[in-house]
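Visitor: I have a new model open and would like to learn how to read its features one by one. Could you walk me through them?

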Amino acid sequence: MSNAAIAIGTIIFVIFVAAIIACAYRRAEACAGGVARSYAVVSDQQIRHATIEKFLSEIRHEKPFRFTSQQLAGFTGNYTTRLGAGGFGTVYKGVLPNGLAVAVKVFDRSLTQRSQEEQFMAEVGTIGRTYHVNLVRLFGFCFDDVARALVYEYMGNGALDAYLLGRGRGAGLPALRDIAAGVARGIRYLHEECQQKIVHYDIKPGNVLLDAALTPKVADFGLARLVNRADTHVSVSCVRGTPGFAAPEMWMLSGVTEKCDVYSFGMLLLEIVGRRRNFHEEASESQQWFPTLAWTKYESGELVDLVACSSGTGADGGAAAAPGEEKEHELQRDKEIVERMCKVAFWCVQQQPEARPPMGAVVKMLEGEMSIAAPVNPFQHLMATPVMANLWTTTMASSANAVSATAISETSIEIVSL
């Protein structure tokens with residue numbers, strides 16, 4: 001083969017290899033460009049709110065609406081009508097473009113970003129996944145640099161605690177019993193009927209709202225947690241709930257169950273019966289804490305006194321003055337309602353979580369579908385004489401007496417010896 005032929009062959013081979021390399025390079029470049037084009041440029045805001053954005057993408061199928069801060073300002077008339085405030089924010093009244101009244105809860109800007117995100121995800125992640133007539137309805141939310149807020153249905157009669165201390169004083173016991181049963185049904189739904197169990201952790205009258213028809217709705221899910229049904233206990237890293245309503249085990253930071261909500265409901269039920277706060281500092285010592293007062297009346301068969309104290313007159317199902325036999329019938333009815341509500345409450349606030357009934361049983365007992373066994377005194381540890389303290393006092397006194405007797409004996413022996 002001539003040198004010319006070898007040279008031509010080499011040139012052709014080099015050109016062929018170069019063409020393959022160029023083709024491969026162009027293909028790789030095109031591929032890289034396609035990958036790059038498949039990712040949108042991420043803004044600074046998206047980076048700052050990466051955790052929230054991921055969370056919202058996961059719950060988007062639950063269909064809460066996402067509003068802008070400009071929309072919220074329009075709904076609320078630049079936040080002119082203030083409905084109230086809590087530990088995590090302020091609530092304003094607003095109206096959607098379709099005329100529907102709403103309550104807009106704006107998170108306090110003084111909270112750390114982590115606290116705001118935790119509260120936001122707890123509320124949207126729990127109440128945003130549920131629908132029940134006795135749970136407040138979440139319509140939507142806003143989360144941007146200007147505002148972090150939740151948009152709820154508006155409840156015309158406000159919170160239960162304010163109602164009990166105001167208009168509720170004139171409500172009849174049947175109406176109050178219906179409110180209590182409605183709250184119980186809402187909590188039963190959270191514990192027993194959702195796909196994942198929801199533990200509220202902060203059941204109290206201030207977190208129950210009443211609509212225009214006095215239908216109660218459990219609200220404020222800022223401390224709530226989703227719990228797998230297979231999990232028997234949940235670890236808590238900090239105290240959750242409100243003093244006076246939080247179950248004893250909540251203060252031990254140990255594993256807790258949904259029975260902590262049952263305890264809180266029991267305390268709420270006692271406030272409904274008394275139409276007062278459970279602790280009243282200005283009352284006489286025996287009247288200061290209503291739960292022990294109610295137990296004392298129950299134990300002595302004097303619950304009728306509570307009926308006399310709490311019965312009112314009014315259009316809300318109240319016990320209006322009635323002559324003779326009718327009045328006696330209403331008094332007997334009210335006595336039975338108070339006794340049933342108190343007995344349910346006493347079971348709910350038992351010290352040991354295992355002794356408290358599930359919310360399904362609570363609903364049945366309140367509605368009269370289940371008989372109620374005589375409850376054990378849930379306040380025995382507060383009302384009984386501290387036996388162990390007496391035991392140690394007695395033991396120490398006995399020891400001291402024994403030492404004194406020995407000393408006297410030894411002294412006597414020495415005197416005799418002399």
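Predicted model: local features only at pLDDT ≥ 70, side-chain atom pairs only at ≥ 80, totals over all residues.

Visitor: Let's start with contacts along the chain. What share of the contacts with a separation of 6 or more comes from residues 24 or more positions apart?

Guide: Among contacts in the chain with a separation of 6 or more, 65% are between residues 24 or more positions apart. The chain has 418 residues, and 42% of them count as buried. Its accessible surface is about 22,600 Å², with 58% of that belonging to carbon and sulfur atoms. As for secondary structure, you will find 15 helices and 10 strands.

Visitor: Which strands pair with E6, and in what sense?

Guide: Strand E4 (residues 101-107) pairs with E6 in the antiparallel sense over 5 bridges, and Val104 stands opposite Val151 in E6. Strand E5 (residues 138-143) also pairs with E6 in the antiparallel sense, over 5 bridges. There, Cys142 stands opposite Ala149, and Phe143 stands opposite Arg148. A hairpin of 4 residues links E5 to E6.

Visitor: And how should I think about the side chains of a strand? Why is E6 described as largely enclosed?

Guide: As a general idea, side chains in a regular strand alternate between the two faces of the sheet. In strand E6 (residues 148-153), 6 of the 6 residues are buried, so the rest of the structure largely encloses the strand.

Visitor: Now the helices. At what angle do H7 and H8 pack?

Guide: Look at the angle between the axes and at their separation. Helix H7 (residues 173-193) packs with helix H8 (residues 259-274) at an angle of about 170°, the axes being 10 Å apart. An angle over 145 degrees counts as roughly antiparallel, and H7 and H8 are therefore roughly antiparallel to each other. From H7, the residues Leu176, Ala180, Val183, Ala184, Ile187 and His191 meet Asp261, Phe265, Leu269 and Ile272 of H8. By class, this contact has 8 nonpolar, 1 polar and 1 charged residues.

Visitor: How do H8 and helix H10 cross?

Guide: The axes of H8 and helix H10 (residues 290-299) cross at roughly 70° and come within 10 Å. The two helices, H8 and H10, are therefore roughly perpendicular to each other. Met267, Leu270, Val273 and Gly274 of H8 make the contact with Phe290, Pro291 and Ala294 of H10. By class, the contact of H8 with H10 has 6 nonpolar, 1 polar and no charged residues.

Visitor: Let's end with a single residue. Where is Gln196 found, and which residues is it in contact with?

Guide: Gln196 is in the loop between H7 and strand E7 (197-199). Its relative accessible area is 31%, so Gln196 is partly exposed. Leaving aside neighbours within four places in sequence, Gln196 is in contact with Leu190, Leu226, Val227, Asn228 and Arg229.

Methods
Residues numbered from 1 in each chain as written. Heavy atoms only, no water. Axes fitted to C-alpha atoms, helices over the stretch in contact; angles between N-to-C directions. Parallel < 35°, antiparallel > 145°, perpendicular 65-115°, else oblique. Contact = heavy atoms within 4.5 Å. Nonpolar A, V, L, I, M, F, W, Y, C, P; charged D, E, K, R; others polar. Buried < 20%, exposed > 50% of the residue type's maximum accessible area, 1.4 Å probe, protein only. Pairing = 2+ DSSP bridges. Areas by Shrake-Rupley, 256 points an atom, 1.4 Å probe, with all protein chains shown as cover.
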